[in-house]
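Subject: Structure handover

Dear colleague,

Here is the structure I said I would pass on. My notes on it follow below.

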2 protein chains.
Amino acid sequence: MVRWEPGTAERLQKAALELFATHGYEQTTAAEIAQEVGLTERTFFRHFSDKREVLFQGQELLVQAFLDGIAAAPPEASPLEVVASALRSAASFFPDERRPHSRTRQSVIDRNPALQEREHHKLTTLATTVAEALRARGVGEPAATLAAESGATVFGIAFTRWLREERSLADLAAEVLDELLTLAETAGQALRPTR
Amino acid sequence: MVRWEPGTAERLQKAALELFATHGYEQTTAAEIAQEVGLTERTFFRHFSDKREVLFQGQELLVQAFLDGIAAAPPEASPLEVVASALRSAASFFPDERRPHSRTRQSVIDRNPALQEREHHKLTTLATTVAEALRARGVGEPAATLAAESGATVFGIAFTRWLREERSLADLAAEVLDELLTLAETAGQALRPTR
DNA sequence: CGCCTTCATGTCAGGCGCTGCCATCACTAG
DNA sequence: CTAGTGATGGCAGCGCCTGACATGAAGGCG
């Protein structure tokens, strides 16, 4: 017999997602979520720095996946090749079984501006971390930031498609990244004809 | 003799920036800002949807500058060429005289996570609008979103450098965009050797 | 076995952000 | 002169979030 049920944060997250999905984010108070799992509002805020975080906590693992992918890239790889490796690694973080859960979560986010704001912020934070890892590999500026932000952009677009189409995130990410290279190639021919 | 002083929102914004810069964002209440210009908290929230917005309202003009730049691009221009045109147009929105003001404002934002969140959100919103304009020109997906987000990324990086270095934003943006093309070119040679 | 420490939780008070509702009151149109 | 318009004030109230202190079960230790 344990003192307290373990996994308090997880139970709060589960309850929160259910309430948000059924009643809406703004219509659900932090106190209600806490009550749902037999806790108080004060305890809710001990586990999450603010109400929105209950939907986002846990993304450190995704960041780690990116970093692992970066570490797995060969030393001579160019910045965007490293990013491609990071994307492959990150993609494995979202196996297809996870799609249903991700869909409900995303539908909640899509219906609330404040949550979208937090989501974009997390993506940007991710990009910042990736940029730092690239710099640690010797990539200069603005190349590091540029490559990192591009990686985050590609990931974001691929993820959105992954929610809709029944294809693997890895495939989609590779495809979107390829599309970015095509865009750049086309523009390169026009914008700098003398190289 | 007018009924009320005109430019209420502007005076609130000015007072807010000063208070935020001297006392910090969180240490300044909306009521204090309002009081500073002889108004009440209630009126503050009639002009700004939330406390953070007092620092961000007015960005519609920047978005418009982007759209103008898009409209100015020739019909046959590739997506990233159109974005380049948008960046040139947007750059004129920040003449060098504006740098001091932008610096104070940015220093406030840099010291507060919630404000950074809003800033990133505005950039993403900008990208969404640009993507829509590109789609209206016939650009497909994911090319439109990709090009738009890349444009926002380039703008963000260039803007950061513009705050530090005494160079024109237009030059910096062109430079950063060029760097992105270089990155893509290098990666393209490695990631798709068979084209 | 009994004491003590640890620590997740509860309780309470309170500040701030933000909103709805109604009143005010200068000015304006007719 | 009267009715309408529109920015503002005043006020009540809810939800978010925090600091301070109390509680009580588990575990360590003599």
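How many helices and strands are there in chain A? Chain A has 9 helices and 0 strands, where helices (H or I, at least four residues) and strands (E, at least two) are DSSP runs numbered from the N terminus. This is a predicted model, in which local features need pLDDT of at least 70 and side-chain atom pairs count only at pLDDT 80 or more, while totals for chains, interfaces and linings use all residues. Residues are numbered from 1 along each chain as its sequence is written, and chains are lettered from A and ligands numbered from 1 in the order in which they are written.

The C-alpha trace of chain A spans about 70 × 30 × 25 Å along its principal axes.

Next, the DNA. There are 17 residues around DNA strand C (C-beta atom, placed from the backbone, within 6 Å of it). Those that come nearest are Arg42(A), Thr43(A), Thr29(B), Asp50(B) and Lys51(B). Two or more residues each are given to this surface by α3 (41-47) of chain A and by α2 (30-36) and α3 (41-47) of chain B. α3(A) gives the most, with 3 residues.

In chain B, helix α8 (residues 143-164) packs against helix α9 (residues 169-191) at an angle of about 130°, with the axes 8 Å apart. Axes are lines fitted to C-alpha atoms, for helices over the stretch in contact (C-beta atoms, placed from the backbone, within 7 Å), and angles run from 0 to 180 degrees between N-to-C directions.

Regards
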